[in-house]
Amino acid sequence: MFVLTDTPSLANHFLSEMRDVRTQNDRMRFRRNLERMGEILAYEISKSFEYSQENIETPLTSTSVLSATENPVIISVMRASLPFYNGFLNYFDKAESGFIGAFRDETSPGEINVHLGYHASPNLEGKIVILADPMLATGKSIVESINTLLTHGKPKHIHIASVIAAPEGIQYIKENISFPFSIWVGAMDEKLNHQSYIVPGLGDAGDLSFGPKL
């Protein structure tokens, strides 16, 4: 598992602004910082791709460069992921796209269930998939999303990308997904609280991006 903020970088500054109650209510800045985290994680994930040598012509001469041999499919999970997913598209500008409209069902006391609503995806057979979900809390939305996506073909590899993760969610994914996957997160937080929200976390990323749910 790769944790971005294990190494000092500007990502720590973007994440601190997202967490800070003094700045996080600026929705434009919050969305932009989500997008920036997507861009940075896209760059890191790209290092794991396969590359081949290609000859190109510059204005002066020919030269050999490294080019990625394939483009990923980027899947956005829930509304909170849209700015985050946009960051990946900024870098993987030839990628195919998909969307999963997952939502929490908290009607049963003490139990969190995840339901999938609308979902769309291209054929995933043999492709690299990046599943973009900014808050990896219980891990249930990730597991349900992957199980649904597998009905659209068997990918080559799935990269799970989040801004903030809880250890309980990471463990749940490891216990329930046998398909080849990698996990890339901005920061690993302490735990989940009794409502299954990440602590210290940052609150509801969807509400902070787009306003409260109606």
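This is a predicted model: local features need pLDDT of at least 70, side-chain atom pairs count only at pLDDT 80 or more; totals for chains, interfaces and linings use all residues.

1. Residues are numbered from 1 along each chain as its sequence is written, and side-chain values use heavy atoms, with hydrogens and water left out. Helices (H or I, at least four residues) and strands (E, at least two) are DSSP runs numbered from the N terminus.

2. Helix H1 spans residues 10-19, and its buried residues (under 20% relative accessible area; exposed is over 50%, partly exposed in between; 1.4 Å probe, protein chains only) are Ala-11, Phe-14, Leu-15, Glu-17 and Met-18. They cover an arc of only 155° around the axis, which puts them on the same side of H1; the arc is that of the directions from the helix axis to the C-beta atoms. The cover over these residues includes helix H2 (27-46), E9 and E10.

3. In helix H5 (residues 167-176) the buried residues include Gly-169, Ile-170 and Ile-173. Viewed down the axis of H5, the buried residues fall within an arc of 100°, so they line one face of the helix. They pack against strand E8 (135-136), helix H4 (140-149), strand E9 (157-165) and strand E10 (181-188), where contact means heavy atoms within 4.5 Å.

4. How do H4 and H5 cross? Their axes come within 8 Å and cross at roughly 30°; axes are lines fitted to C-alpha atoms, for helices over the stretch in contact, and angles run from 0 to 180 degrees between N-to-C directions. H4 and H5 are therefore roughly parallel to each other (angles under 35 degrees; over 145 is roughly antiparallel, 65 to 115 roughly perpendicular, the rest oblique). Lys-140, Ile-142 and Val-143 of H4 meet Tyr-172, Ile-173 and Asn-176 of H5. The residues of this contact divide into four nonpolar, one polar and one charged (Ala, Val, Leu, Ile, Met, Phe, Trp, Tyr, Cys and Pro count as nonpolar, Asp, Glu, Lys and Arg as charged, the others, Gly among them, as polar).

5. Some backbone values deserve a look. Most residues other than glycine have a negative phi, and most peptide bonds are trans. Met-78 is not a glycine, yet has a positive phi of about 70°; Met-78 sits in the loop between strand E4 (73-77) and helix H3 (81-91) and is partly exposed at 24% relative accessibility. Ser-196, also not a glycine, has a positive phi of about 65°. Ser-196 is in the loop between strand E11 (191-192) and E12 and is buried, with a relative accessible area of 13%.

6. The peptide bond between Val-199 and Pro-200 is cis, with omega about 0°. Pro-200 belongs to the loop between strand E12 (198-199) and helix H6 (205-210).

7. The structure holds four aromatic pairs (rings of Phe, Tyr and Trp, the last by its six-membered ring, with centres within 6.5 Å; planes under 30 degrees apart are stacked, over 60 edge-to-face, the rest tilted). One of them is Phe-2 with Trp-184, whose ring centres are 5.3 Å apart and whose planes are at 45°, so the pair is tilted. Phe-2 lies in strand E1 (residues 2-3) and Trp-184 in strand E10, so the pair ties together parts 182 residues apart in sequence. Phe-2 is partly exposed at 25%, whereas Trp-184 is buried at 11% relative accessibility.
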